[in-house]
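Please look over the structure below before reading the notes.

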Amino acid sequence: MPKKNKIREGSIRTTSFDVAALAGVSQSAVSRAFKPGSSIAAETREKVLDAARKLNYVPNSIASSLTTHRSNIVAIILGDLNNPFYTHVLETFGRELQARNRHILVFTLNEDMGTDDAIMRLLPYQVDGVILTSAQLSTRMVGMCHDRGIPVVLFNRYIPNTGAFGVRCDNPEGGREIAEAFLAAGARAFAMITGDPKGTTSKDRATGFMDRLVDAGIPRSDIKAYEGSSSYEGGAEAVKAMMADGAKVPDAIFGINDIMAMGAMDALRIEYGLKVPDDVMVAGFDDIPEGARPPYQLTTVRQPINRMVRATIDLLNLDDPHAEIDLAHDCPIKGHMVWRNTIPGPKPE
């Protein structure tokens, strides 16, 4: 039988000093050669890289972090994987952080791990920043991170009275735009399918929607609300609950996010034989790629994910860790109305 390769106990790894000796340069030159953007002559860099290839040398990022006190790791805490929007958000964060020569550490929340628990688990990794997409966070945990020089930035939400800051879509304005579109198409009776009752995102979209309808003279009694759990299944169940009420089918339904609106559309069509938008108009919010597919062609508000992600990372001050953290920063970015087929109106995009 062929002999298996085995790593010997106590085997010595090649160090940057070994590479420096072979290349005939200083150890600091080796460090600069592997650090993007560092000042080093092209000829010197090539000498270092050639020596590293010969010695099978790979830089030790852990050792480097002990020297620089920077891990180049950013943690992202995700709280809602029922919503495909956050899958696309995570992909965008990954691309942007990689372009900035940073690494990403992802924590997903569930019934057994809340936001505070996740932060306690990530602190030993000496991360350079925390991006939070979940709705709950204690003031104590924000303070614990800030005491360690770790900024906490909220993505697409704000949590009052915590000392955390962030970037979000202008959710109230988006809700108002959806209401305006329904009104312009002739709707006079409405239903909303809401998301996380603790989250500012769902509340802000619902508030903007309601306020615009009330301003237009729509009685609050003609605006029903149903819980949708921010999921496709929740959107479908909300429609069933609406129908079980025995009330008149509304003219228009606003799903606070796209995935709930899509669940609602399928329930309307499959369970009750209703046509969208002929019998019921529907709109969502987020503009996930799935909503643009032929079975849905959902009218929605597009969140400017790329702009929001870049602005969120900028707030972490990754290249200037000694910069003061602005605890009061709140950056709403306007969304974009995307017209498709679920509300009569302008030509679909």
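The model is predicted: local features need pLDDT of at least 70, side-chain atom pairs count only at pLDDT 80 or more, and totals for chains, interfaces and linings use all residues. Residues are numbered from 1 along each chain as its sequence is written, and side-chain values use heavy atoms, with hydrogens and water left out.

**Helices α8 and α9**

- Helix α8 spans residues 171-184 and helix α9 spans residues 200-215 (helices are DSSP runs of H or I with at least four residues, strands are E runs of at least two, both numbered from the N terminus).
- Their axes come within 7 Å and cross at roughly 40° (axes are lines fitted to C-alpha atoms, for helices over the stretch in contact, and angles run from 0 to 180 degrees between N-to-C directions).
- α8 and α9 are therefore oblique to each other (angles under 35 degrees count as roughly parallel, over 145 as roughly antiparallel, 65 to 115 as roughly perpendicular and the rest as oblique).
- Residues making the contact include Asn171, Pro172 and Phe182 of α8 and Thr201, Asp204 and Leu213 of α9 (contact means heavy atoms within 4.5 Å).

**Proline 151**

- Proline 151 sits in the loop between α7 (139-147) and β4 (152-155).
- Proline 151 is buried, at 5% relative accessible area (buried means under 20%, exposed over 50%, partly exposed in between, with a 1.4 Å probe and protein chains only).
- Its C-alpha atom is 5.9 Å from that of leucine 316, which is 165 residues away along the chain.

**Asparagine 83**

- The loop between β1 (73-78) and α5 (84-99) holds asparagine 83.
- Asparagine 83 is buried, with a relative accessible area of 4%.
- Setting aside neighbours within four places in sequence, asparagine 83 is in contact with Ser230, Asn257, Ile259 and Asp286.
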